[in-house]
Amino acid sequence: MFLFIGVFPRERELAVARFRCDRCHEDAEQHVIESGSRLWLFFLPLFTFSRQYVVVCEHCGAVTEVTREFAKRAADLAAHGGRLR
Ligand SMILES: [Zn+2]
């Protein structure tokens with residue numbers, strides 16, 4: 001019997017929120033991105049591990065690592081039209 005198992009990188013955009021960038025200090029669109037590794041068995045994704053969250057500034061391109069709580073809060077606020085900070 002053959003067993004097909006693999007780990008592949010996974011990246012997805014959680015939200016695009018507008019708030020001030022820590023680097024360029026512009027009020028610009030910030031892309032909140034979750035990345036990690038996903039374990040696959042045959043053609044079924046099992047789970048994602050080693051998750052990291054970053055914010056990418058659309059104005060200057062700065063990539064800032066953020067906590068999961070910050071990323072979730074930014075995604076919630078973006079979904080409801082709120083502002084961060
Ligand atoms: Zn910036």
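A residue is taken as buried when its relative accessible area is under 20%, and as exposed when that value is over 50%. These terms are applied here to a predicted model.

The model contains a zinc ion whose protein donors are the SG atoms of C21, C24, C57 and C60, at distances of 2.3 to 2.4 Å. The angles among the four donor atoms run from 103 to 118 degrees, and the site is tetrahedral. Along the sequence, the donor residues follow the spacing C-x2-C-x32-C-x2-C. C21 belongs to the loop between β1 (5-20) and β2 (27-41), whereas C57 is part of strand β3 (residues 44-57); the pair therefore ties together parts that are 36 residues apart in sequence. Both C21 and C57 are buried.

Strand β2 also contains E34. This residue has a relative accessible area of 2%, and E34 is therefore classed as buried. A polar contact of 3.1 Å links the side chain of E34 to the side chain of R51.

On the surface, a nonpolar patch is formed by M1, F2, L3, F4, I5, F42 and F43. Together, these residues have about 990 Å² of accessible area. One of them, F2, is located in the segment before β1. The relative accessible area of F2 is 67%, so F2 counts as exposed, in contrast to E34, which is buried at 2%.

Key. Residues numbered from 1 in each chain as written. Predicted model: local features only at pLDDT ≥ 70, side-chain atom pairs only at ≥ 80, totals over all residues. Heavy atoms only, no water. Donors = N, O, S within 2.8 Å, 3.2 Å for Na, K, Ca; no water. Tetrahedral: all angles 85-135°; square planar, octahedral: opposite > 155°, others 65-115°. Helix = DSSP H or I, 4+ residues; strand = E, 2+ residues; numbered from the N terminus. Buried < 20%, exposed > 50% of the residue type's maximum accessible area, 1.4 Å probe, protein only. Patch = residues over 30% accessible without salt bridge, like charges linked within 9 Å, V, L, I, M, F, W, Y side chains within 5 Å. Areas by Shrake-Rupley, 256 points an atom, 1.4 Å probe, with all protein chains shown as cover. Salt bridge = Lys/Arg side-chain N within 4 Å of Asp/Glu carboxyl O. Polar contact = N/O pair within 3.5 Å; in protein donor to acceptor, adjacent residues only side chain to side chain.
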